[in-house]
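Okay, thanks for coming, everyone.

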Amino acid sequence: MRNHTLLDEFILLGIPQTEGLEPVLFVIFSFIYFFTLLGNLLIFTAIVSSSTLHTPMYFFLGLLSIFDMLFPSVTCPKMLLYLSGQSRAISYEGCAAQLFFYHFLGSTEGCIYSVMAYDRFVAICHPLRYMLIMKPEVCVSLVTVSFLVGCFLATTLTFFTFQLTYCGPSQVDHFFCDIPAILPLACNDSSLAKRVGSINVGLLALMLLFSVCVSYTHIGIAILRIRSAEGRQKAFSTCSAHLTAILCAYGPVIIIYLQRTPNPLLGAVVQILNNIVSPMLNSLIYSLRNKEVKNSLKKIIQNIMLSV
């Protein structure tokens, strides 16, 4: 057997077919990342500062805002660094950490979406027992289970990916360390890691999407039974923002991990939508579609303007 030199760093090649566009992409993604952090921070501040928003629904929404700040922060800062002309190298440990936190935050956020769908199901289908069912300890338990699921999935995927030997080449044909981009660089057989990644990520996404569909099927039936048009409109408005956010979140995941032959350009575009654009859209969706959040944001902005 010939000797191999184990890699201690990887080189991120970035977004395919964008050579020479680095300055333009740096400006665009810097603006999107800044707006994502600002928008979600304002939503979180509005929920914390307004006593009328201290309900289970807004507890989950505030938690979602935190995840929408953390999730793009796993990949975006490093991407902005090399788009600005800095080194494209990332250490072996940094690559493993990036992969772990990407899947931990992404899968936990997916679980939070399902929990939010269940919360809306209880609120619309069992309004009189809502506060009895969605007690604080129940909400905390649901969030804890979401964290444990995300941690288990991320640990499993990181272990099976980085228990392989990487001895060259070191070029990662992507803008961050993810399983489909890292596994082709392994020196030994990576078929098991590929199957584990596809089954775990795909199965979790489909299970969570199925749970959301079940909740919203019951919600849809309950809305149709509401006699007044105003009541139906109010019930629909509380769910439309959540449904839009779910479509933005689950669509890219299913496209990436269930395709048989990965396309680097398609994968990069879909990942950008999932990593950077979707968290920014969530802040717009929930602030523009939710009257309570909108009114609380107006008060915060007015207080800031008065203090200035």
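I'll go from the overall layout down to that pair.

First, the caveats: this is a predicted model, where local features need pLDDT of at least 70 and side-chain atom pairs count only at pLDDT 80 or more, while totals for chains, interfaces and linings use all residues. Residues are numbered from 1 along each chain as its sequence is written, and side-chain values use heavy atoms, with hydrogens and water left out.

So, the layout. We have 11 helices and three strands, taken as DSSP runs (H or I, at least four residues, for helices; E, at least two, for strands) numbered from the N terminus. Of the 308 residues, 47% count as buried, that is, under 20% relative accessible area with a 1.4 Å probe, protein chains only.

An unreviewed UniProt entry annotates "transmembrane region" on several stretches, including 24-46 and 58-80; such annotations may be inferred rather than shown by experiment. Residues 24-46 are 100% helix, with end C-alpha atoms 33 Å apart. For 58-80 it's 91% helix and 32 Å.

Now the pair. The axes of α1 (residues 22-49) and α3 (residues 76-83) come within 9 Å and cross at roughly 150°; axes are lines fitted to C-alpha atoms over the stretch in contact, with angles from 0 to 180 degrees between N-to-C directions. That makes the two roughly antiparallel, a label for angles over 145 degrees.

Who touches whom? On α1, Glu22, Leu25, Phe26, Phe29, Ser30 and Tyr33; on α3, Cys76, Pro77, Met79, Leu80 and Leu83. Contact here is heavy atoms within 4.5 Å.

Methods:
Parallel < 35°, antiparallel > 145°, perpendicular 65-115°, else oblique. Buried < 20%, exposed > 50% of the residue type's maximum accessible area, 1.4 Å probe, protein only.
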